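I am keeping these entries as I look things up.

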Amino acid sequence: MVLSDLQGYLYSEMSKTFRGGQSVAMVFKDTQVTAQDVQISWISDIIVVVSPENIETMKSIIEKYGHKRVTVVKGGITRHRSIFNGLKVFAENEFSNHLLQKPEVVIIHDAVRPFVEEDILSKVVIAAKEHGAAGAIRPLVSTVIASAADGCLDHSLERARYRASEMPQAFLFDIIYEAYQQCTDYDLDYGTECLHLALKYCKTNAKLVEGTADLWKVTYKRDLYAAESIIKDNLSQQVCVITDVKEAVAQVAFLLHDSLKSQIKVEAISVSLSNNDSHLQNIFSGQCYNFVCINDKKYAIQETQQLADMLEKSNVPLLYPVVLISVHLDVSENISFSIGMEELARIKKFAREVKKKNILVYGLLIQYKVSLHFESYISEHPFPVQDLLKVIKSFCESASKSDVVLDPVI
């Protein structure tokens, strides 16, 4: 993957499609590597190509977010020259301290299209392996016209016959590298279409793959707000409800699961946080950034701390804030708000500490009598479930601007 001016290059291996050491590389342009790209399992190396003035900035980003597969390379003055520099990492020593293994297939992608899914990446790779080159396309949303020298309309194109060329695009490495080697200076300075280079210089007719609507490009400042909104909305669409193995507490989790599942993607699991549970680790490695930890009041803080430690070690909070809602289940004969000031101060201190690690803690206290089954309590007092959903949705969306608080609900 190559990024120019915060343009990057990404080398990868797709185990299901390629065998015997064959590999795939991916090229990014125009911004930094995104979380989605880093998390795709068959991406093994990332080469970020940046303008000289941005090299140190890119290195600090890589260090901040803990990317382990990234090499920074100096970019060129145009899009094509930067991509060419990224490709040279696999062929010429001057662009890297050591040559990376030459990939069979290289993917070129605009990282300013941050919502690309793994499915479309796989499709263009498979098509490129068969045809030599492939690229995503989308229907035109506006009619294309040509103006005459006097500024008047010359002609218009029949929109139904044409498509917008999008990213990602994929090529057999030898084809696209040969095309760049044969490029004229005019191509490198003024060209914008990689598929055209493969056709012009290598006689490779690209396979066109229908892309999805989420390939849109962040171009203007207003697009940043739209992108931020999409990211926050996506992050708030899934929650994992975690309890220990105690029957009474686990029952609460599954009741909450049933109450929330119609409004949000939710998974409920009962695990012992003292053990390195493989199911929990699989959830951490996925796309879930919202967790509800339910415990009886006596053990809530310790186990919430354990979960926060596990989240930190998993590197989940590196890229996006993680919302951790600690639900304190107080089962007693007499309903009374008895949480002490010392305990409250300890919880708030813990919340402040983990906020520095990008883990945002929210607290919820539910008290009910032993004589009252929790199912009856939920039916008679539905607000705790509603508050949970409200917290998960609204607090996650405003996480970067909100203070971390403990908000007991009786």
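The entries below start with the ground rules and then go through the helices, the rings and the loop.

**Ground rules.** I am working with a predicted model, in which local features need pLDDT of at least 70, side-chain atom pairs count only at pLDDT 80 or more, and totals for chains, interfaces and linings use all residues. Residues are numbered from 1 along each chain as its sequence is written, and side-chain values use heavy atoms, with hydrogens and water left out. Helices (H or I, at least four residues) and strands (E, at least two) are DSSP runs, numbered from the N terminus.

**H3 against H5.** I looked up how helix H3 (residues 79–88) packs on helix H5 (residues 173–182): the angle is about 130 degrees and the axes are 10 Å apart. The axes are lines fitted to C-alpha atoms, for helices over the stretch in contact, and angles run from 0 to 180 degrees between N-to-C directions. That angle makes H3 oblique to H5. The classes are roughly parallel under 35 degrees, roughly antiparallel over 145, roughly perpendicular from 65 to 115, and oblique for the rest. I then listed the contact (heavy atoms within 4.5 Å). H3 contributes His80, Ile83, Phe84, Leu87 and Lys88, and H5 contributes Phe173, Ile176, Tyr177, Tyr180 and Gln181. By class, the residues of this contact are seven nonpolar, two polar and one charged. Here Ala, Val, Leu, Ile, Met, Phe, Trp, Tyr, Cys and Pro count as nonpolar, Asp, Glu, Lys and Arg as charged, and the others, Gly among them, as polar.

**H5 against H7.** The axes of H5 and helix H7 (residues 194–202) come within 9 Å and cross at roughly 80 degrees. H5 is therefore roughly perpendicular to H7. From H5 I noted Ile175, Ile176, Glu178, Ala179, Tyr180 and Gln182, and from H7 Cys194, Leu197, Ala198, Tyr201 and Cys202. This contact of H5 with H7 has nine nonpolar, one polar and one charged residues.

**What covers H5?** I asked which elements cover the buried residues of H5. Those buried residues are Phe173, Ile175, Ile176, Tyr177, Ala179 and Tyr180. Buried means under 20% relative accessible area, exposed over 50%, and partly exposed in between (1.4 Å probe, protein chains only). The cover includes H3, S5, strand S9 (163–172), H6 and H7.

**Rings.** Rings of Phe, Tyr and Trp (its six-membered ring) pair if their centres lie within 6.5 Å; planes under 30 degrees apart count as stacked, over 60 as edge-to-face and the rest as tilted. By this rule I count six aromatic pairs. Phenylalanine 90 and phenylalanine 173 are edge-to-face, because their ring centres are 5.7 Å apart and their planes stand at 75 degrees. Phenylalanine 90 lies in the loop between H3 and strand S5 (105–110) and phenylalanine 173 in H5, so the pair ties together parts 83 residues apart in sequence. Phenylalanine 90 is buried at 5% relative accessibility, and phenylalanine 173 is buried at 2%. Tyrosine 186 and tyrosine 190 form a tilted pair, 4.9 Å centre to centre with 40 degrees between the planes. Both lie in helix H6 (residues 185–190), four residues apart, about one turn of the helix. Tyrosine 186 is exposed at 58%, and tyrosine 190 is exposed at 61%. Ring pairs also link Phe84, Phe90, Phe173, Tyr177 and Tyr180 into a cluster.

**A loop residue.** Serine 142 sits in the loop between strand S6 (133–139) and strand S7 (145–147). Serine 142 is partly exposed at 46%. Its C-alpha atom is 7.6 Å from that of arginine 159, 17 residues away along the chain.
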